[in-house]
Amino acid sequence: MKFYSTRDARTVGSAGVSFSEAVLKGLADDGGLFVPEAFPQVAQEFSEGIPDEMSYADFAARMLAPFVGEGAIADSLDEICRAAFDFPVPLKTLGSGVSILELFHGPTLAFKDFGARFLAEVMGRIMNTSSQNVCVMVATSGDTGGAVASAFAGKKGFRVCLLFPDHGVSPRQRIQLTCWGDNIRSFAVKGTFDDCQKLVKTAFSDPAWNARFCLTSANSINLGRLLPQSVYYAYWSLKLKFEQGQAPGFVIPTGNLGNAVAAFWAKKMGFPIRELVLATNANRSIGDYAESGQWAPRPSIPTLANAMDVGNPSNMERLQNLIPDWETFKREVPVFSVSDFEIAQVIQKGPSTSGEVWCPHTATAVRAYERMTVEQRAHGPWILVSTAHPCKFPETLEPLVARKLEIPTALSELLSRSLHETPMEPDLAALLAAM
Ligand SMILES: *Cc1c(COP(=O)(O)O)cnc(C)c1O
């Protein structure tokens, strides 16, 4: 399997890169994002469903094998998946025809653990065969940084630089960004997530930076994070299809569009995914594109669902690569933009209507589902994707649900550590000085 840049016209003879190269490079040389040359129909291997004795990790290894190709990564793919996906991925029934896919049982309590842990395992093995010291540079809107730091903390051969918006993360997210020390550096950028993302992109596109720091990206633009996120859509769509006889649709809380693109890829591989619905917060770039056909990225605005505060989602380039025609996009991809007022309402009534305390991001998916027409809801089973554990956001949630949230042990252990962060102006010279 080769991977090509979204900007590659793919003329005869143009060379793609291998999985390992795509993972290490992060971004293609022309500034585009890597996409697979084809989508093997992996679902055909599971025409009888998923065997009872097959674990989630083993399913992941089978499903990802065609993308990884041959070599060291392929040889240890089972081991990689078992190490990366060592936590539960439960689907919880919410009501008739609706369930919740809980993606927050990893060590940092958000779905970012799937991609970050897989990437760290893969990069660790690629590095084993080379002697360079790699700098993993990440812009984070809240949860990516914590997941990447947790996955790479203490890993030999790696430094991690996290850039986060000084006023754009919750206090508990901040602890997960700054509690690691050792090979992890955290920069509190005086600006927005988009400023952080721009800085990282600029550093990457500069050959001098690349040569000096041997940069690689662990953002959701990295293929090594995106592909493992396709697994849970594949896994649960198959399970549901074989249990209930119908293919489910998913509602996905969306910011930088990584999680959503992973779902579209799983659908392309033939898994029984009926339809995909995107829920955004008040950052409306994707919804406005669906309505108007004009792609107009803009500065992000802060909302209650802060990990989705993205005005210029990088992975739009991959989504448009997959669905280039706007008419098709408009027809096939419903987008709901959910206001802070709606998010707060959903959270407030969660305990009484469903017995659930929703994290603000998950609340956008719940609200999108509520806003669907009766006909849309009747299409078949729906799975609402829950992206983070509510206990990461006590400042937002506790006043709304009027109760204290319990802290899982994974988090309480981190809360007791000492914290390290470096304040930084949002420009490249400041970043260079800080590094
Ligand atoms: C990152 C994140 C999202 C958005 O996911 P994208 O892949 O950026 O679209 C949603 N919810 C939570 C909790 C997140 O951390």
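Biologist: Is A363 buried or exposed?

Modeller: This is a predicted model, and in it A363 counts as buried because its relative accessibility is 0%. The cut-off for buried is under 20% relative accessible area.

Biologist: Which helix does A363 lie in?

Modeller: A363 is part of helix α16, which covers residues 360-371.

Biologist: How far do backbone atoms of G255, N256 and L257 lie from the ligand?

Modeller: Take them in sequence order. G255 has a backbone N or O atom 2.7 Å from an oxygen atom of the ligand. For N256, a backbone N or O atom lies 2.8 Å from a ligand oxygen. For L257, the distance from a backbone N or O atom to an oxygen atom of the ligand is 2.9 Å.

Biologist: Now helices. How should I read the pattern of buried residues in one?

Modeller: An α-helix has 3.6 residues a turn, so residues three or four places apart point the same way. In helix α4, residues 77-84, the buried residues are L77, I80, C81 and A84. Viewed down the axis of α4, these buried residues fall within an arc of 95 degrees, so they line one face of the helix.

Biologist: And pockets? How is empty space found?

Modeller: Rolling a probe the size of a water molecule over the atoms shows where empty space is left. Here the largest pocket has a volume of about 400 Å³. Its lining consists of 21 residues, with L27, A28, D30, G31 and S205 nearest the centre.

Biologist: What classes of residue line the largest pocket?

Modeller: Nine of the lining residues are nonpolar, six are polar and six are charged.

Biologist: What is the volume of the second largest pocket, and which residues are closest to its centre?

Modeller: The second largest pocket has a volume of about 270 Å³. Of its 14 lining residues, F264, K267, L276, I323 and E332 are the closest to the centre. Helices α11 (258-268) and α14 (326-332) are the elements that give two or more residues to this lining. By class, the lining of the second largest pocket has five nonpolar, three polar and six charged residues.

Methods:
Residues numbered from 1 in each chain as written. Predicted model: local features only at pLDDT ≥ 70, side-chain atom pairs only at ≥ 80, totals over all residues. Heavy atoms only, no water. 1 Å grid on protein atoms, 1.4 Å probe; cavity = no way out; pocket = protein on both sides within 12 Å on 5 of 7 lines; lining within 4 Å. Points joined across faces, edges and corners; volume = space filled by probe spheres on them. Nonpolar A, V, L, I, M, F, W, Y, C, P; charged D, E, K, R; others polar. Helix = DSSP H or I, 4+ residues; strand = E, 2+ residues; numbered from the N terminus. Buried < 20%, exposed > 50% of the residue type's maximum accessible area, 1.4 Å probe, protein only. Arc of directions from axis to C-beta. Polar contact = N/O pair within 3.5 Å; in protein donor to acceptor, adjacent residues only side chain to side chain.
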